[in-house]
Amino acid sequence: MARVLHTLLLFLVRLALKIRVWGYWSLIYGYCALCTTAALLKLCWSIVLRPTTTFQWGTRETPPACLNDTSLGTHCYVRIKESGLRFHYVAAGERGKPLMLFLHGFPEFWFSWRYQLREFKSEFRVVAIDMRGYGESDLPLSTESYHLDYLVTDVKDIVEYLGKKCVSAIFI
């Protein structure tokens, strides 16, 4: 009798847990379906009201104000002799201090280092570079121009342009 009661109790607990898990995932998927339906209805409504402008690409006339924030540093340009490309960078801090260089990855640009620029400009000369093809830097002619050798040469040439023989820190 005790064994039957134990088996029945175990069955009921397992069933309650399965119902609970099923209910939880039903709520999650139901909410996702509701949000998807709302987004699709909004898109369809936009297509009905403005069929020519719904999927139209817009170009900004002026950059956002945050990109011209003077507390981040000054915007400068340098043309590298070897590649002939013009590079954009933002520099802050005194020129005599050690150089701290910030290099971004794909698909970012100098602005991804805005917090570090503010933080370290009191102790270092901080420079955030737009790598070739990103931000306001020139776009190379071919994809072969993105090989690591060219990228390293760009960084070396920019460091030399900044008047430094070595860099205290490079963040990528």
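I take rings of Phe, Tyr and Trp (its six-membered ring) to pair if their centres lie within 6.5 Å, with planes under 30 degrees apart counted as stacked, over 60 as edge-to-face and the rest as tilted. The model is predicted, so I ask pLDDT of at least 70 for local features and count side-chain atom pairs only at pLDDT 80 or more, while totals for chains, interfaces and linings use all residues. Residues are numbered from 1 along each chain as its sequence is written, and side-chain values use heavy atoms, with hydrogens and water left out.

**Aromatic rings**

I searched the whole structure and found seven aromatic pairs. One of them joins Phe-120 and Phe-124 edge-to-face, at 6.3 Å centre to centre and with 75 degrees between the planes. For accessibility I use relative accessible area, where buried is under 20%, exposed is over 50% and partly exposed lies in between (1.4 Å probe, protein chains only). On that scale Phe-120 is partly exposed at 27%, whereas Phe-124 is buried at 18%. I also noted that Tyr-24, Trp-25 and Tyr-29 form one aromatic cluster.

**Cysteines**

I looked for disulfides, meaning pairs of cysteine sulfur atoms within 2.5 Å, and the whole structure gave zero. The closest cysteine sulfur to that of Cys-44 belongs to Cys-35 and is 16 Å away, which is too far for a bond. Cys-66 is likewise in no disulfide, the nearest cysteine sulfur being that of Cys-76 at 18 Å. Cys-44 is partly exposed at 43% relative accessible area, and Cys-66 is partly exposed at 38%.

I name helices (H or I, at least four residues) and strands (E, at least two) from DSSP runs, numbered from the N terminus. Ser-137 is found in the loop between β4 (125–129) and α3 (148–161), and with a relative accessible area of 8% Ser-137 is buried. For polar contacts I count pairs of N or O atoms within 3.5 Å; within protein, one must be able to donate a hydrogen and the other to accept it, and residues adjacent in sequence count only if both atoms are side-chain atoms. The side chain of Ser-137 reaches the backbone oxygen of Asp-130 at 2.6 Å, and a polar atom of the Ser-137 side chain lies 3.0 Å from the backbone nitrogen of His-88.

His-88 itself is in strand β2 and is buried, at 0% relative accessibility. The His-88 side chain has a polar contact of 2.9 Å with the side chain of His-75 and another of 2.9 Å with the side chain of Asp-130.

**Cores and α3**

I define a nonpolar core as a set of buried Ala, Val, Leu, Ile, Met, Phe, Trp, Tyr and Cys residues joined through side-chain atoms within 4.5 Å. The largest has 16 residues, and those with the most contacts inside it are Phe-87, Tyr-89, Leu-101, Val-127, Ile-129 and Ile-158. The elements giving two or more residues to this core are β2 (86–92), β3 (99–103), β4 and α3. A second, separate core of 13 residues includes Leu-72, Ala-92, Trp-110 and Phe-124.

Using contact to mean heavy atoms within 4.5 Å, I find Ile-158 in contact with Val-78, Ile-80, Phe-87 and Ile-129, leaving aside its neighbours within four places in sequence. Buried residues of α3 include Thr-153, Val-155 and Ile-158, and the buried residues of this helix pack against β1 (74–79), β2, β3 and β4. Following α3 comes Gly-163, with a positive phi near 85 degrees.
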